[in-house]
Amino acid sequence: MKKNLLFLPVLMFAFTSAANAHGPVRQKADEEITINAPAAKVWGIIKDYGDMSWLPAVKNTTVDKGNEIGSIRVLTLQDGGTITEELKKYDADKMAYGYKITEMSTAKTITHAGNEEKVPVLPVDNYTANIGVEAKGDTSVVTWKGAYYRAYTNNNPPAEMNEDAANKAVADVFKAGLANLKTLAEK
Amino acid sequence: MLRLKRIPVTLAVVTVLGCGASVAAPFAYISNQLDDSVSIIDAEKRTVIDTVKLAGKPAGIAVAPAGDKVYVSTPEAHGFSVLDTKSHSVLNKVIVSEGALGIAVDHEGQRIYVADWYNNTVSVVSAKTLEVTKVVTVGESPSGLIVSPDNRWLYVANRGSDSVSKVSTETLTVKKTTTVGKHPFGIITTQSGDRLYTANVESDDVTVLDTASMQPIASIKVGILPYAVTLALNDSRLLVTNQTDNTVSVIDTETFKQIAVIEVGEKPEGISTHPDDRHVYVANWFDSTVSVLDAKTLTVVDTIKAGEGTRAFGQFFSK
(Lines give C-alpha, C1' and ligand atoms only; values in the text may rest on other atoms or scores of the structure.)
Protein backbone atom coordinates (compact mmCIF):
# COMPACT_ATOMS: atom_id res chain seq x y z
CA MET A 1 0.00 0.00 0.00
CA LYS A 2 2.70 2.36 1.03
CA LYS A 3 4.66 1.51 -2.05
CA ASN A 4 1.78 2.31 -4.34
CA LEU A 5 1.40 5.72 -2.82
CA LEU A 6 5.05 6.48 -3.34
CA PHE A 7 4.93 5.15 -6.78
CA LEU A 8 2.49 7.55 -8.41
CA PRO A 9 4.37 10.82 -8.03
CA VAL A 10 7.61 9.15 -9.09
CA LEU A 11 6.07 7.88 -12.30
CA MET A 12 4.52 11.21 -13.15
CA PHE A 13 7.92 12.82 -13.19
CA ALA A 14 9.89 10.02 -14.66
CA PHE A 15 9.88 10.98 -18.31
CA THR A 16 9.30 14.69 -18.13
CA SER A 17 11.47 16.20 -15.46
CA ALA A 18 15.05 15.52 -14.57
CA ALA A 19 16.91 15.15 -11.33
CA ASN A 20 14.10 13.59 -9.36
CA ALA A 21 15.63 10.33 -8.33
CA HIS A 22 18.38 9.80 -5.90
CA GLY A 23 17.12 6.56 -4.51
CA PRO A 24 18.77 4.49 -7.23
CA VAL A 25 22.47 4.87 -7.91
CA ARG A 26 23.66 6.97 -10.81
CA GLN A 27 25.42 5.06 -13.56
CA LYS A 28 27.98 6.10 -16.12
CA ALA A 29 29.02 5.29 -19.65
CA ASP A 30 32.42 6.29 -20.96
CA GLU A 31 33.45 5.38 -24.49
CA GLU A 32 36.22 6.68 -26.67
CA ILE A 33 37.60 5.98 -30.10
CA THR A 34 40.74 6.94 -31.99
CA ILE A 35 40.07 8.19 -35.49
CA ASN A 36 42.69 8.48 -38.19
CA ALA A 37 41.55 11.91 -39.31
CA PRO A 38 42.30 15.46 -38.14
CA ALA A 39 40.24 16.72 -35.21
CA ALA A 40 38.78 19.57 -37.28
CA LYS A 41 37.38 17.09 -39.76
CA VAL A 42 35.84 14.92 -37.06
CA TRP A 43 34.41 17.92 -35.23
CA GLY A 44 33.00 19.09 -38.56
CA ILE A 45 30.83 15.99 -38.66
CA ILE A 46 29.40 16.30 -35.15
CA LYS A 47 29.54 20.05 -34.45
CA ASP A 48 25.98 20.77 -35.51
CA TYR A 49 23.90 19.83 -32.50
CA GLY A 50 20.86 19.65 -34.76
CA ASP A 51 22.42 17.13 -37.12
CA MET A 52 22.61 13.63 -35.73
CA SER A 53 22.76 11.91 -39.11
CA TRP A 54 26.08 10.33 -38.05
CA LEU A 55 24.32 8.26 -35.38
CA PRO A 56 22.96 5.09 -37.00
CA ALA A 57 19.92 4.75 -34.71
CA VAL A 58 18.63 8.19 -35.70
CA LYS A 59 16.41 8.63 -38.75
CA ASN A 60 16.11 12.42 -38.57
CA THR A 61 16.66 15.35 -36.24
CA THR A 62 14.86 18.66 -35.79
CA VAL A 63 16.31 21.55 -33.78
CA ASP A 64 14.91 24.91 -32.69
CA LYS A 65 17.89 27.15 -31.91
CA GLY A 66 20.92 25.55 -33.54
CA ASN A 67 23.98 25.50 -31.29
CA GLU A 68 22.62 28.02 -28.80
CA ILE A 69 22.48 26.98 -25.14
CA GLY A 70 18.96 25.79 -24.39
CA SER A 71 18.38 24.63 -27.94
CA ILE A 72 15.99 21.68 -28.14
CA ARG A 73 16.52 18.86 -30.59
CA VAL A 74 14.16 15.98 -31.26
CA LEU A 75 15.71 12.76 -32.49
CA THR A 76 13.40 10.47 -34.40
CA LEU A 77 14.74 6.95 -34.28
CA GLN A 78 14.65 4.38 -37.07
CA ASP A 79 11.77 2.61 -35.34
CA GLY A 80 9.78 5.82 -34.92
CA GLY A 81 10.53 6.50 -31.25
CA THR A 82 11.57 10.00 -30.19
CA ILE A 83 14.11 11.47 -27.80
CA THR A 84 14.01 15.17 -26.91
CA GLU A 85 17.22 16.78 -25.72
CA GLU A 86 18.35 20.19 -24.49
CA LEU A 87 21.76 21.70 -25.20
CA LYS A 88 23.44 22.57 -21.89
CA LYS A 89 26.98 23.45 -22.92
CA TYR A 90 28.68 24.23 -26.20
CA ASP A 91 32.35 25.04 -26.66
CA ALA A 92 33.56 25.25 -30.27
CA ASP A 93 37.15 25.96 -29.16
CA LYS A 94 37.25 22.81 -27.10
CA MET A 95 35.26 20.96 -29.77
CA ALA A 96 32.75 19.68 -27.22
CA TYR A 97 29.13 19.98 -26.20
CA GLY A 98 26.88 18.66 -23.44
CA TYR A 99 23.17 17.92 -23.41
CA LYS A 100 20.43 16.26 -21.42
CA ILE A 101 17.38 14.22 -22.26
CA THR A 102 14.18 16.04 -21.36
CA GLU A 103 11.56 13.67 -22.80
CA MET A 104 11.26 10.27 -24.44
CA SER A 105 8.56 8.23 -26.11
CA THR A 106 7.58 4.84 -24.75
CA ALA A 107 9.12 1.77 -26.37
CA LYS A 108 6.78 -0.66 -24.68
CA THR A 109 4.54 -1.10 -21.68
CA ILE A 110 5.19 -3.91 -19.25
CA THR A 111 3.56 -5.12 -16.07
CA HIS A 112 5.73 -5.12 -12.99
CA ALA A 113 4.64 -5.74 -9.40
CA GLY A 114 1.04 -5.35 -10.50
CA ASN A 115 1.57 -2.00 -12.15
CA GLU A 116 1.88 -0.88 -15.73
CA GLU A 117 5.30 0.48 -16.51
CA LYS A 118 6.24 2.49 -19.56
CA VAL A 119 9.72 1.62 -20.75
CA PRO A 120 11.24 4.63 -22.51
CA VAL A 121 13.08 4.17 -25.82
CA LEU A 122 16.37 4.59 -23.97
CA PRO A 123 15.76 2.88 -20.61
CA VAL A 124 17.33 5.61 -18.49
CA ASP A 125 16.25 8.50 -16.29
CA ASN A 126 17.83 11.90 -15.66
CA TYR A 127 20.37 11.47 -18.43
CA THR A 128 23.11 13.96 -19.25
CA ALA A 129 25.99 13.43 -21.65
CA ASN A 130 28.81 15.19 -23.39
CA ILE A 131 30.86 14.50 -26.46
CA GLY A 132 34.15 16.03 -27.50
CA VAL A 133 37.03 15.72 -29.93
CA GLU A 134 40.67 16.02 -28.97
CA ALA A 135 43.51 16.38 -31.46
CA LYS A 136 46.32 13.85 -31.19
CA GLY A 137 48.68 14.95 -33.92
CA ASP A 138 47.07 14.01 -37.23
CA THR A 139 44.59 11.76 -35.52
CA SER A 140 41.86 12.49 -33.03
CA VAL A 141 40.24 10.94 -30.00
CA VAL A 142 36.51 11.27 -29.53
CA THR A 143 35.13 10.80 -26.04
CA TRP A 144 31.46 10.34 -25.29
CA LYS A 145 30.41 10.30 -21.64
CA GLY A 146 27.00 9.84 -20.15
CA ALA A 147 25.63 9.93 -16.60
CA TYR A 148 22.14 8.66 -15.85
CA TYR A 149 19.94 6.57 -13.62
CA ARG A 150 18.03 3.42 -14.46
CA ALA A 151 14.56 4.03 -15.88
CA TYR A 152 12.76 2.62 -12.85
CA THR A 153 12.99 5.17 -10.09
CA ASN A 154 11.48 3.10 -7.30
CA ASN A 155 12.99 0.12 -5.53
CA ASN A 156 13.14 -3.38 -7.10
CA PRO A 157 13.25 -2.64 -10.81
CA PRO A 158 12.04 -4.98 -13.56
CA ALA A 159 14.77 -6.38 -15.83
CA GLU A 160 13.80 -4.03 -18.68
CA MET A 161 14.37 -0.99 -16.45
CA ASN A 162 17.30 -1.90 -14.23
CA GLU A 163 20.93 -0.76 -14.21
CA ASP A 164 22.10 -3.50 -16.58
CA ALA A 165 19.47 -2.54 -19.14
CA ALA A 166 20.39 1.14 -18.86
CA ASN A 167 24.14 0.53 -19.11
CA LYS A 168 23.82 -1.80 -22.07
CA ALA A 169 21.49 0.53 -23.97
CA VAL A 170 23.70 3.58 -23.53
CA ALA A 171 26.94 1.72 -24.26
CA ASP A 172 25.40 0.27 -27.44
CA VAL A 173 24.39 3.72 -28.69
CA PHE A 174 27.80 5.22 -27.90
CA LYS A 175 29.74 2.37 -29.48
CA ALA A 176 27.66 2.29 -32.65
CA GLY A 177 27.82 6.08 -32.94
CA LEU A 178 31.57 6.31 -32.48
CA ALA A 179 32.23 3.42 -34.87
CA ASN A 180 30.14 5.11 -37.55
CA LEU A 181 31.79 8.45 -36.90
CA LYS A 182 35.16 6.79 -37.47
CA THR A 183 33.95 5.31 -40.72
CA LEU A 184 32.62 8.66 -41.93
CA ALA A 185 35.72 10.63 -40.89
CA GLU A 186 38.22 8.18 -42.33
CA LYS A 187 36.51 8.10 -45.73
CA MET B 1 66.78 19.34 5.12
CA LEU B 2 63.59 17.52 4.36
CA ARG B 3 64.88 14.31 5.81
CA LEU B 4 66.02 15.98 9.02
CA LYS B 5 62.64 17.59 9.37
CA ARG B 6 60.78 14.35 8.86
CA ILE B 7 62.39 12.29 11.57
CA PRO B 8 60.84 14.03 14.57
CA VAL B 9 57.44 14.00 12.89
CA THR B 10 57.59 10.27 12.31
CA LEU B 11 58.69 9.67 15.86
CA ALA B 12 55.86 11.74 17.21
CA VAL B 13 53.29 9.82 15.19
CA VAL B 14 54.65 6.49 16.30
CA THR B 15 54.57 7.63 19.90
CA VAL B 16 50.99 8.76 19.65
CA LEU B 17 49.91 5.53 18.01
CA GLY B 18 51.83 3.52 20.57
CA CYS B 19 49.92 5.20 23.34
CA GLY B 20 46.67 4.12 21.77
CA ALA B 21 45.46 7.69 21.41
CA SER B 22 43.41 8.74 18.46
CA VAL B 23 44.96 8.55 15.04
CA ALA B 24 46.97 11.58 13.95
CA ALA B 25 45.03 13.90 11.82
CA PRO B 26 43.39 14.71 9.35
CA PHE B 27 41.84 12.24 6.98
CA ALA B 28 39.26 12.55 4.23
CA TYR B 29 36.79 9.68 3.83
CA ILE B 30 35.52 9.44 0.27
CA SER B 31 32.64 7.13 -0.66
CA ASN B 32 33.11 5.39 -4.02
CA GLN B 33 29.56 4.57 -4.89
CA LEU B 34 30.11 2.42 -7.98
CA ASP B 35 32.95 0.48 -6.33
CA ASP B 36 31.20 -0.20 -3.03
CA SER B 37 34.15 1.21 -1.12
CA VAL B 38 35.51 4.13 0.87
CA SER B 39 38.90 5.69 0.08
CA ILE B 40 40.79 6.98 3.09
CA ILE B 41 42.97 9.96 2.15
CA ASP B 42 45.80 11.14 4.35
CA ALA B 43 45.35 14.89 3.97
CA GLU B 44 48.96 15.61 4.92
CA LYS B 45 50.38 13.50 2.14
CA ARG B 46 47.32 13.84 -0.10
CA THR B 47 47.38 10.17 -0.93
CA VAL B 48 44.93 7.32 -0.54
CA ILE B 49 46.31 5.19 2.29
CA ASP B 50 43.58 2.57 2.21
CA THR B 51 40.40 1.56 0.42
CA VAL B 52 37.80 -0.21 2.49
CA LYS B 53 35.15 -2.41 0.87
CA LEU B 54 31.71 -1.37 2.00
CA ALA B 55 28.60 -2.80 0.36
CA GLY B 56 25.32 -1.02 -0.35
CA LYS B 57 26.42 1.78 -2.73
CA PRO B 58 27.98 4.08 -0.12
CA ALA B 59 27.00 7.72 -0.57
CA GLY B 60 26.73 9.93 2.51
CA ILE B 61 29.57 10.46 4.97
CA ALA B 62 29.63 11.72 8.57
CA VAL B 63 32.71 11.61 10.79
CA ALA B 64 32.31 11.23 14.55
CA PRO B 65 33.67 14.28 16.38
CA ALA B 66 36.27 12.11 18.15
CA GLY B 67 37.48 10.93 14.77
CA ASP B 68 37.27 7.29 15.81
CA LYS B 69 34.34 6.34 13.59
CA VAL B 70 32.93 7.23 10.23
CA TYR B 71 29.27 6.71 9.42
CA VAL B 72 28.66 5.90 5.78
CA SER B 73 25.15 5.81 4.39
CA THR B 74 24.45 2.81 2.17
CA PRO B 75 21.21 3.43 0.22
CA GLU B 76 21.07 -0.06 -1.26
CA ALA B 77 21.66 -1.65 2.12
CA HIS B 78 18.93 0.62 3.53
CA GLY B 79 20.99 2.19 6.26
CA PHE B 80 24.59 2.94 7.13
CA SER B 81 27.86 1.26 8.00
CA VAL B 82 30.15 2.13 10.88
CA LEU B 83 33.79 2.34 9.84
CA ASP B 84 36.50 2.13 12.48
CA THR B 85 39.17 4.70 11.62
CA LYS B 86 41.97 2.86 13.37
CA SER B 87 41.51 -0.65 12.05
CA HIS B 88 39.83 0.47 8.81
CA SER B 89 37.26 -2.24 9.27
CA VAL B 90 33.48 -2.13 9.15
CA LEU B 91 32.27 -2.54 12.72
CA ASN B 92 28.53 -2.54 12.14
CA LYS B 93 25.91 -2.45 9.43
CA VAL B 94 22.82 -0.68 10.63
CA ILE B 95 19.49 -1.00 8.86
CA VAL B 96 17.52 2.22 9.14
CA SER B 97 15.05 2.60 6.28
CA GLU B 98 14.50 2.08 2.58
CA GLY B 99 16.11 5.18 1.12
CA ALA B 100 18.85 6.20 3.55
CA LEU B 101 21.08 8.84 1.97
CA GLY B 102 21.92 12.06 3.85
CA ILE B 103 23.74 11.47 7.12
CA ALA B 104 25.11 13.62 9.95
CA VAL B 105 26.41 13.12 13.45
CA ASP B 106 25.89 15.55 16.33
CA HIS B 107 28.80 17.41 17.91
CA GLU B 108 28.83 15.26 21.02
CA GLY B 109 28.98 12.08 19.02
CA GLN B 110 25.80 10.80 20.64
CA ARG B 111 23.43 10.69 17.71
CA ILE B 112 23.47 9.88 14.05
CA TYR B 113 20.81 11.44 11.86
CA VAL B 114 19.81 9.64 8.67
CA ALA B 115 17.54 11.19 6.05
CA ASP B 116 15.30 8.89 4.04
CA TRP B 117 14.72 9.78 0.43
CA TYR B 118 11.51 7.77 0.01
CA ASN B 119 9.86 8.09 3.40
CA ASN B 120 10.32 11.85 3.94
CA THR B 121 11.78 11.25 7.37
CA VAL B 122 14.92 11.69 9.40
CA SER B 123 15.76 8.80 11.71
CA VAL B 124 17.56 9.51 14.94
CA VAL B 125 20.00 6.73 15.80
CA SER B 126 21.82 6.32 19.11
CA ALA B 127 25.56 6.20 18.46
CA LYS B 128 25.92 3.93 21.46
CA THR B 129 23.26 1.31 20.79
CA LEU B 130 22.92 1.91 17.02
CA GLU B 131 19.17 1.72 17.43
CA VAL B 132 16.64 4.08 15.92
CA THR B 133 15.25 6.06 18.83
CA LYS B 134 12.94 8.39 16.95
CA VAL B 135 11.69 9.12 13.45
CA VAL B 136 10.97 12.74 12.54
CA THR B 137 8.75 13.52 9.55
CA VAL B 138 10.14 16.35 7.42
CA GLY B 139 9.58 17.53 3.83
CA GLU B 140 9.79 15.48 0.64
CA SER B 141 13.00 13.67 -0.30
CA PRO B 142 15.16 15.01 2.52
CA SER B 143 18.82 14.98 1.52
CA GLY B 144 21.47 17.23 3.10
CA LEU B 145 21.66 17.34 6.91
CA ILE B 146 23.71 19.55 9.19
CA VAL B 147 23.74 20.01 12.96
CA SER B 148 24.13 23.55 14.32
CA PRO B 149 27.47 24.20 16.06
CA ASP B 150 25.70 24.53 19.43
CA ASN B 151 24.08 21.13 18.83
CA ARG B 152 20.57 22.50 19.38
CA TRP B 153 19.27 22.29 15.84
CA LEU B 154 19.28 19.91 12.96
CA TYR B 155 18.77 21.46 9.54
CA VAL B 156 17.30 19.33 6.76
CA ALA B 157 17.23 20.14 3.04
CA ASN B 158 13.89 18.89 1.72
CA ARG B 159 14.73 18.45 -1.88
CA GLY B 160 11.26 17.58 -3.13
CA SER B 161 9.57 20.41 -1.19
CA ASP B 162 12.10 23.15 -2.05
CA SER B 163 12.53 23.90 1.63
CA VAL B 164 14.74 23.63 4.69
CA SER B 165 13.40 22.37 8.02
CA LYS B 166 14.81 23.42 11.37
CA VAL B 167 14.41 20.56 13.82
CA SER B 168 14.90 20.97 17.56
CA THR B 169 17.36 18.32 18.76
CA GLU B 170 15.79 18.53 22.19
CA THR B 171 12.16 17.89 21.29
CA LEU B 172 12.91 16.27 17.92
CA THR B 173 10.11 18.20 16.28
CA VAL B 174 10.17 20.58 13.33
CA LYS B 175 10.29 24.14 14.60
CA LYS B 176 10.11 25.88 11.26
CA THR B 177 10.24 25.12 7.56
CA THR B 178 11.31 27.77 5.06
CA THR B 179 11.06 27.81 1.28
CA VAL B 180 14.40 28.13 -0.51
CA GLY B 181 15.43 27.68 -4.17
CA LYS B 182 14.40 24.69 -6.24
CA HIS B 183 15.60 21.29 -5.03
CA PRO B 184 18.03 22.09 -2.23
CA PHE B 185 20.53 19.27 -1.74
CA GLY B 186 23.75 20.02 0.17
CA ILE B 187 23.72 22.47 3.09
CA ILE B 188 26.26 24.04 5.48
CA THR B 189 26.20 26.43 8.43
CA THR B 190 28.75 29.00 9.52
CA GLN B 191 30.94 28.26 12.55
CA SER B 192 28.75 30.46 14.71
CA GLY B 193 25.64 28.89 13.24
CA ASP B 194 24.07 32.24 12.33
CA ARG B 195 23.73 31.45 8.64
CA LEU B 196 22.88 28.48 6.51
CA TYR B 197 23.64 28.00 2.82
CA THR B 198 21.82 25.61 0.49
CA ALA B 199 22.85 24.39 -2.97
CA ASN B 200 19.69 24.37 -5.10
CA VAL B 201 20.09 21.81 -7.86
CA GLU B 202 17.21 22.89 -10.08
CA SER B 203 17.38 26.68 -9.79
CA ASP B 204 21.17 26.86 -10.19
CA ASP B 205 21.59 29.04 -7.13
CA VAL B 206 22.44 29.16 -3.45
CA THR B 207 20.00 30.38 -0.81
CA VAL B 208 21.40 32.17 2.26
CA LEU B 209 19.22 31.81 5.36
CA ASP B 210 19.37 33.63 8.66
CA THR B 211 19.02 30.65 10.97
CA ALA B 212 17.49 32.50 13.94
CA SER B 213 14.53 33.75 11.94
CA MET B 214 14.85 31.18 9.14
CA GLN B 215 14.35 34.05 6.71
CA PRO B 216 16.21 34.09 3.37
CA ILE B 217 18.83 36.84 3.21
CA ALA B 218 20.00 36.34 -0.36
CA SER B 219 19.97 34.13 -3.40
CA ILE B 220 23.17 33.80 -5.40
CA LYS B 221 23.42 32.46 -8.95
CA VAL B 222 26.07 29.78 -9.42
CA GLY B 223 26.76 27.18 -12.14
CA ILE B 224 24.55 24.43 -13.53
CA LEU B 225 23.19 21.80 -11.12
CA PRO B 226 24.86 22.92 -7.90
CA TYR B 227 25.14 19.96 -5.57
CA ALA B 228 26.85 20.76 -2.29
CA VAL B 229 28.47 23.61 -0.36
CA THR B 230 31.27 24.27 2.11
CA LEU B 231 32.84 27.27 3.82
CA ALA B 232 36.51 28.21 4.18
CA LEU B 233 38.79 30.99 5.45
CA ASN B 234 36.78 31.80 8.54
CA ASP B 235 33.48 31.56 6.68
CA SER B 236 34.49 34.31 4.25
CA ARG B 237 34.37 32.02 1.23
CA LEU B 238 31.56 29.73 0.17
CA LEU B 239 32.46 26.99 -2.31
CA VAL B 240 29.80 25.25 -4.39
CA THR B 241 30.14 22.21 -6.65
CA ASN B 242 28.42 22.67 -10.03
CA GLN B 243 27.76 19.17 -11.36
CA THR B 244 27.08 19.94 -15.01
CA ASP B 245 29.72 22.67 -15.37
CA ASN B 246 32.53 20.64 -13.80
CA THR B 247 33.40 23.66 -11.71
CA VAL B 248 33.39 25.01 -8.18
CA SER B 249 31.92 28.48 -7.65
CA VAL B 250 33.62 30.60 -5.01
CA ILE B 251 31.43 33.21 -3.35
CA ASP B 252 32.44 36.09 -1.13
CA THR B 253 30.04 35.79 1.82
CA GLU B 254 30.22 39.52 2.59
CA THR B 255 29.10 40.73 -0.81
CA PHE B 256 27.33 37.53 -1.94
CA LYS B 257 29.19 37.85 -5.24
CA GLN B 258 30.80 35.04 -7.14
CA ILE B 259 34.51 35.88 -7.18
CA ALA B 260 35.89 32.85 -8.98
CA VAL B 261 34.95 29.73 -10.89
CA ILE B 262 37.48 26.93 -10.54
CA GLU B 263 37.56 24.06 -13.02
CA VAL B 264 37.66 20.67 -11.35
CA GLY B 265 36.94 17.13 -12.58
CA GLU B 266 33.77 15.87 -14.19
CA LYS B 267 30.52 15.82 -12.17
CA PRO B 268 31.82 17.34 -8.93
CA GLU B 269 29.62 16.33 -6.00
CA GLY B 270 30.69 16.10 -2.35
CA ILE B 271 32.75 18.99 -0.99
CA SER B 272 34.34 19.49 2.44
CA THR B 273 36.87 21.79 4.03
CA HIS B 274 40.16 20.53 5.47
CA PRO B 275 40.48 21.35 9.20
CA ASP B 276 43.13 23.94 8.23
CA ASP B 277 40.12 25.94 6.97
CA ARG B 278 41.96 26.74 3.74
CA HIS B 279 42.02 23.63 1.58
CA VAL B 280 38.84 22.21 0.14
CA TYR B 281 38.38 18.70 -1.21
CA VAL B 282 35.95 17.96 -4.02
CA ALA B 283 34.81 14.49 -5.10
CA ASN B 284 34.52 14.31 -8.91
CA TRP B 285 31.99 11.54 -9.47
CA PHE B 286 32.60 10.86 -13.15
CA ASP B 287 36.39 11.03 -13.00
CA SER B 288 36.63 9.07 -9.73
CA THR B 289 39.05 11.65 -8.40
CA VAL B 290 39.29 14.19 -5.60
CA SER B 291 40.40 17.74 -6.40
CA VAL B 292 42.23 19.66 -3.69
CA LEU B 293 41.55 23.39 -3.91
CA ASP B 294 43.27 26.24 -2.16
CA ALA B 295 40.54 28.69 -1.13
CA LYS B 296 43.13 31.46 -0.79
CA THR B 297 44.80 31.25 -4.19
CA LEU B 298 41.61 29.90 -5.81
CA THR B 299 43.49 27.16 -7.64
CA VAL B 300 43.52 23.39 -7.83
CA VAL B 301 46.67 22.29 -6.01
CA ASP B 302 46.29 18.54 -6.33
CA THR B 303 44.14 15.79 -7.85
CA ILE B 304 43.94 12.44 -6.11
CA LYS B 305 42.72 9.24 -7.78
CA ALA B 306 40.09 7.44 -5.68
CA GLY B 307 37.58 4.68 -6.52
CA GLU B 308 34.77 4.54 -9.10
CA GLY B 309 31.99 7.06 -8.60
CA THR B 310 33.37 9.29 -5.84
CA ARG B 311 30.36 10.78 -4.10
CA ALA B 312 31.33 11.86 -0.57
CA PHE B 313 28.08 13.60 0.30
CA GLY B 314 28.45 15.19 3.73
CA GLN B 315 31.17 16.33 6.12
CA PHE B 316 33.90 13.89 5.22
CA PHE B 317 36.95 15.19 7.12
CA SER B 318 38.17 13.98 10.48
CA LYS B 319 39.64 16.77 12.56
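**A predicted two-chain model, seen from chain B**

Leu293(B) sits in strand β26 of chain B, residues 289–294; strands (E, at least two residues) and helices (H or I, at least four) are DSSP runs numbered from the N terminus. This is a predicted model, in which local features need pLDDT of at least 70 and side-chain atom pairs count only at pLDDT 80 or more, while totals for chains, interfaces and linings use all residues. Residues are numbered from 1 along each chain as its sequence is written, and chains are lettered from A and ligands numbered from 1 in the order in which they are written.

Leu293(B) counts as buried because it has 27 C-beta neighbours inside 10 Å. The cut-offs here are 20 or more other C-beta atoms within 10 Å of a residue's own for buried, 12 or fewer for exposed, and anything in between for partly exposed, with C-beta atoms placed from the backbone. Setting aside neighbours within four places in sequence, the contacts of Leu293(B) are Val248(B), Ile262(B), His279(B), Val280(B), Val282(B), Val300(B) and Val301(B); a contact puts the two C-beta atoms within 7 Å.

Stepping back, chain B holds one helix and 28 strands. The C-alpha trace spans about 55 × 45 × 35 Å along the principal axes of chain B. Among the contacts in chain B with a separation of 6 or more, 43% come from residues 24 or more positions apart.

Strand β9(B), residues 111–116, is mostly covered, with six of its six residues buried. Both faces are covered: Arg111(B), Tyr113(B) and Ala115(B) are buried on one side, and Ile112(B), Val114(B) and Asp116(B) on the other. β9(B) pairs in the antiparallel sense with β8(B), residues 100–105, over four bridges; pairing takes at least two DSSP bridges between the strands. Here Ile103(B) has Val114(B) as its bridge partner. The hairpin of β8(B) and β9(B) has five residues between the strands, and Gly109(B) takes a positive phi near 70° there. With β10(B), residues 121–126, β9(B) again pairs in the antiparallel sense, over six bridges, and Val125(B) is the bridge partner of Ile112(B). In that hairpin, with four residues between the strands, Asn120(B) has a positive phi near 60°.

Over in chain A, helix α3 covers residues 163–185, and its 23 residues reach 33 Å from first C-alpha to last, close to the expected 33 Å at 1.5 Å a residue; that expectation is 1.5 Å times one less than the number of residues. Buried residues of α3(A) include Val170(A), Phe174(A) and Leu181(A). Their cover includes β1, α2, β8 and β9 of chain A.

Where the chains meet, 17 residues of chain B are in contact with twelve of chain A. The chain B side divides into seven nonpolar, five polar and five charged residues; Ala, Val, Leu, Ile, Met, Phe, Trp, Tyr, Cys and Pro count as nonpolar, Asp, Glu, Lys and Arg as charged, and the others, Gly among them, as polar.

As for confidence, the model scores ipTM 0.71 and pTM 0.84. Chain B averages a pLDDT of 93, and 92% of the residues score at least 70; pLDDT is the predictor's confidence in each residue, from 0 to 100. Residues 1–22 of chain B, though, have a pLDDT below 50, and this stretch makes six contacts in the model beyond near neighbours in sequence.
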